[in-house]
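Open your viewer, keep the selection panel handy, and follow along stop by stop.

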Amino acid sequence: MLTDLKVKVGPQFYRYHVGAIDFVPELLTEFSAKNVLIVHGGISFEKAKHFLRFLNDSAYHFRFLRYTGECSYYGAERISNVVKEAQIDFIIGVGGGKLTDLVGYAAHTLNVNFGVIPTLASNCAPWTPLSVMYKENGESEGKSEHFLRQASFFITDPELVVTAPTKYFIAGLADTIAKWYESEAILEQEHLLNEPFLQVAGYTAKLCKTAIMKDSSKAIKDMEAGEATEEFIHLSEIVFGVAGLVGGLGDKYARNAIAHAMHDGMSKFIPESHDFLHGEKVAYGIFYQLAVEKKWDQIDELIPFYQELQLPMSLTQMGLFPADEVIDKIVAFVDSKEKVHLVPIPMTSELLKESIIELENYINKS
């Protein structure tokens, strides 16, 4: 029996269908909200306004705050100032992953209820009870697994989500298949096999991978055509909802491991990596984890999928291969992460470093 497993399943209320956003007033009533702060982005908010008919409801007083583009402690302080000044009793985040992370973190520190209306499907940030923190310059500051509660609601509309840039959806698909590759070896360990929540986390991770490998091509083409088809809706729901269940049910045993640690290391020590999306860096991180595990056959299986989606497979391909001293810093960073050491292999800094070089050579020869 595990004594360190914390199960945090997901938002209190979830809807994802055409017209779903019209149900927001019911939720605001449920939480006795009157003074509502809308935290939003730029272009995405302009697209979303057509769907936010509740903003015309005179029963509520709305304040608006455009975030800086980063989920940062500075951004959380800006939200805090508005909440205290205007006596805000509910916060709604309208935007992508960094924005919903920011709203979740700020709401927790303020002890204020919050809801999210995602405008794209690029990761499971709207679902999860943690935030990936950055400095305002884009440098990673690690994760803040900071609250035991989650969003009061997660509501959005596929006709809004399908208008986002396709590259974010593709990055989200990569971020989501990482759930399987990062958790597979950990969950297969004998002492974890009979843990029911971990079993469900494993089934869910496999569901994510299977669906994405099967339907990505059509879903991407449908999105490029601006059509919210069954395949697009199914996969976008997997990216921002079902993927979040994996970590919610499996906690540290199924949330992230080497692939995401590499993402964080790149974001911290390679400033040029900020030009790549979260999921793109995680895509490389998957290959890196498989290289550490010496699962070259699984890399071979993924290469056609990566090529079709134009996902990065090596640092050289990304134009990011750094100097040796930077590699050493990244390796030390990855090695310092507890979840990396849950992968059941003898983990050493030598292995972590040599795997970076081996992967570069392997991809160059492919």
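**Stop one: the largest pocket**

Start with the largest pocket, which holds about 1,100 Å³ of space. On a 1 Å grid over the protein atoms alone, a pocket is an open set of points where a 1.4 Å probe fits, with protein on both sides within 12 Å along at least five of seven lines. Grid points are joined across faces, edges and corners, and the volume is the space filled by probe spheres set on the points.

A word on the model before going on: it is predicted, so local features need pLDDT of at least 70 and side-chain atom pairs count only at pLDDT 80 or more, while totals for chains, interfaces and linings use all residues. Residues are numbered from 1 along each chain as its sequence is written, and side-chain values use heavy atoms, with hydrogens and water left out.

Now select Tyr67, Gly97, Lys98, Ser122 and Tyr168: of the 47 residues that line the largest pocket, these lie nearest its centre. Lining residues are those with an atom within 4 Å of a point. Two or more lining residues come from each of α2 (43–48), α4 (97–110), β6 (131–134), α6 (166–187), α9 (258–269) and α10 (278–292). These labels are DSSP runs numbered from the N terminus, with helices being H or I of at least four residues and strands E of at least two.

Colour the lining by residue class and you will get 16 nonpolar, 20 polar and 11 charged residues. Here Ala, Val, Leu, Ile, Met, Phe, Trp, Tyr, Cys and Pro count as nonpolar, Asp, Glu, Lys and Arg as charged, and the others, Gly among them, as polar.

**Stop two: the two domains**

Next, colour domain 1 (13–162) and domain 2 (166–365) separately; the bounds come from an automatic or database domain assignment. Their centres, taken over C-alpha atoms, are 26 Å apart. Across the boundary, 24 residues of domain 1 are in contact with 30 residues of domain 2, contact meaning heavy atoms within 4.5 Å. Where does the largest pocket sit relative to these domains? Both give residues to its lining, so the pocket lies between them.

UniProt positions follow the numbering used here, feature names are shortened, and annotations may be inferred rather than shown by experiment.

Zoom in on His260, in helix α9. At 5% relative accessibility, His260 counts as buried; buried means under 20% relative accessible area, exposed over 50% and partly exposed in between, with a 1.4 Å probe and protein chains only. Leaving out residues up to four places away in sequence, His260 touches Lys143, Asp175, Ala178, Glu182, His278 and Val282.

**Last stop: Leu120**

Leu120 is among the positions in another "binding site" feature of the unreviewed UniProt entry, and Leu120 is also in the pocket lining. Look for Leu120 in the loop between β5 (113–118) and β6. Leu120 is buried, at 14% relative accessibility.
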